[in-house]
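Here is a short briefing on one protein chain. Keep the sequence and the 3D view open as you read.

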Amino acid sequence: YKLSVSPEMDIMEYCRKEWRGNTPAAKRMRKGYEAVAQKFASIRRIRGDNYCAFRATLFQALSQATQLPRWLQSEDFTMLPENLLSKYDWIKQWQLRKKPGKRMGEIRDEIKEYLVLLRQKWKNISEIKGPLEKQEACDKLFKNEEEEYSLYEALKFLMLNTAIELYNADKSGKRVPVFSWLLFARDTSSNPCQLMQNHLNHIGHSGGLEQVEMFLLAYALQYTIQVYRLYKHSTDEFITLYPNDPEEDWPVVTLITEDDRHYNIPVRMCQETVL
C-alpha cells in the first residue's frame, strides 16, 4: 500500500535530500526549488503511477474548493455519458479501469457513477469551512483507492467531452484555443476518436498526460494549472500556465515538476506571499 499524497515536508529539506550532487542538473534543480520556496514553505510528494497529473491537480483543486464549479452544477452533467454515446458509437471502445471490453450500457452506467461521485465529493469538501478539516477530508479521500481511481475516470471522460466540443467548434469555423489545433495535429489524435483510442485510454496504464493534454485537463476543469517546471529554471518556461491565456474567473492550482512527467504539489503559501 502506497500513500497517494505524502505528508508535507519542508521544500528545501526535500531538495537537499533529492539533489545532493554538483552536476549542472542538480544545481539547476536547487535553484528551482529555492525559487518555489520564496512562495511556498512545504512540498507533498504525489504517488507516481501515470495518474500523478490528475492526482496532483484534483488534490489541489479540492483542498482549496469553497464552492461547486458551475459546470458541476448543471442539470445535464450526469447525462454526459448517455448523450455522448447516443451520438458517437465509437465511445463504446472506452477502456474502463481494470475492465476492458465492457458493453455499451455498462460503460454508460459506470461513467455516470463516476461523474456522480465527482460531484458529490467536490460538494462535500467545498462545504467544509475549517482548513484543517478540509485537509483531513482530502487526505481521507486520497487514501480510498477505489474512489480515487473512479474520480480519475471521471476526469478522463470530461477531457474527452471537452475535446469533442473543441473539435466540433473548430470544424464549424468557431475560434478555438491554439492548443486545440496542436492536440488534433498529432498523427495519433487527428480526431476525438483517435484521441480516446491512442491517448485517453492509455492514461494511468501505459502513460501519463502529455503537455498538450495538460491544457485539455485545464479546460475540462475550468481551472488554470500553474506549473513550476524546475528543469526550465532561468528560462521563460520556468512557470508555465495551462492554458496560457486563462479566463480571469478560473481558480488557480499550483504543481511542481522536475521533468514534465511526474508532478508534486507545493503547500503552505508563505505569509508575505498571501499578504
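Is Tyr152 buried or exposed? Tyr152 counts as buried, at 0% relative accessibility. Buried means under 20% relative accessible area, exposed over 50%, and partly exposed in between, with a 1.4 Å probe and protein chains only.

This is a predicted model: local features need pLDDT of at least 70, side-chain atom pairs count only at pLDDT 80 or more, and totals for chains, interfaces and linings use all residues. Residues are numbered from 1 along each chain as its sequence is written, and side-chain values use heavy atoms, with hydrogens and water left out.

**Aromatic rings**

- Rings of Phe, Tyr and Trp (its six-membered ring) pair if their centres lie within 6.5 Å; planes under 30 degrees apart count as stacked, over 60 as edge-to-face and the rest as tilted.
- By this rule there are 18 aromatic pairs.
- One of them is stacked: Phe54 and Tyr152, at 6.0 Å centre to centre with 25 degrees between the planes.
- Phe54 sits in helix H3 (residues 52-63) and Tyr152 in helix H8 (residues 145-171), so the pair ties together parts that are 98 residues apart in sequence.
- Helices (H or I, at least four residues) and strands (E, at least two) are DSSP runs, numbered from the N terminus.
- Phe54 is buried, with a relative accessible area of 1%.
- One aromatic cluster is formed by Phe179, Phe215, Tyr219, Tyr242 and Trp250.

- Five of the six residues of strand E5 (residues 252-257) are buried.
- Two strands pair if DSSP finds at least two bridges between them.
- E5 pairs with strand E3 (residues 224-229) in the parallel sense, over six bridges.
- Ile225 has Val253 in E5 as its bridge partner.
- E5 also pairs with strand E6 (residues 263-269), in the antiparallel sense, over two bridges.
- Ile256 stands opposite Asn264 in E6.
- E5 and E6 form a hairpin with five residues between them, and Asp260 in the turn has a positive phi of about 65 degrees.

**Two loop residues**

- Ile46 lies in the loop between strand E2 (40-44) and H3, and counts as buried at 4% relative accessibility.
- Leaving aside neighbours within four places in sequence, Ile46 has contacts (heavy atoms within 4.5 Å) that include Ser4, Ala56 and Asn264.
- The C-alpha atoms of Ile46 and Ala56 are separated by 6.5 Å, with the two residues 10 apart along the chain.
- Ser189 is in the loop between helix H9 (178-185) and helix H10 (192-198), and is buried, with a relative accessible area of 0%.
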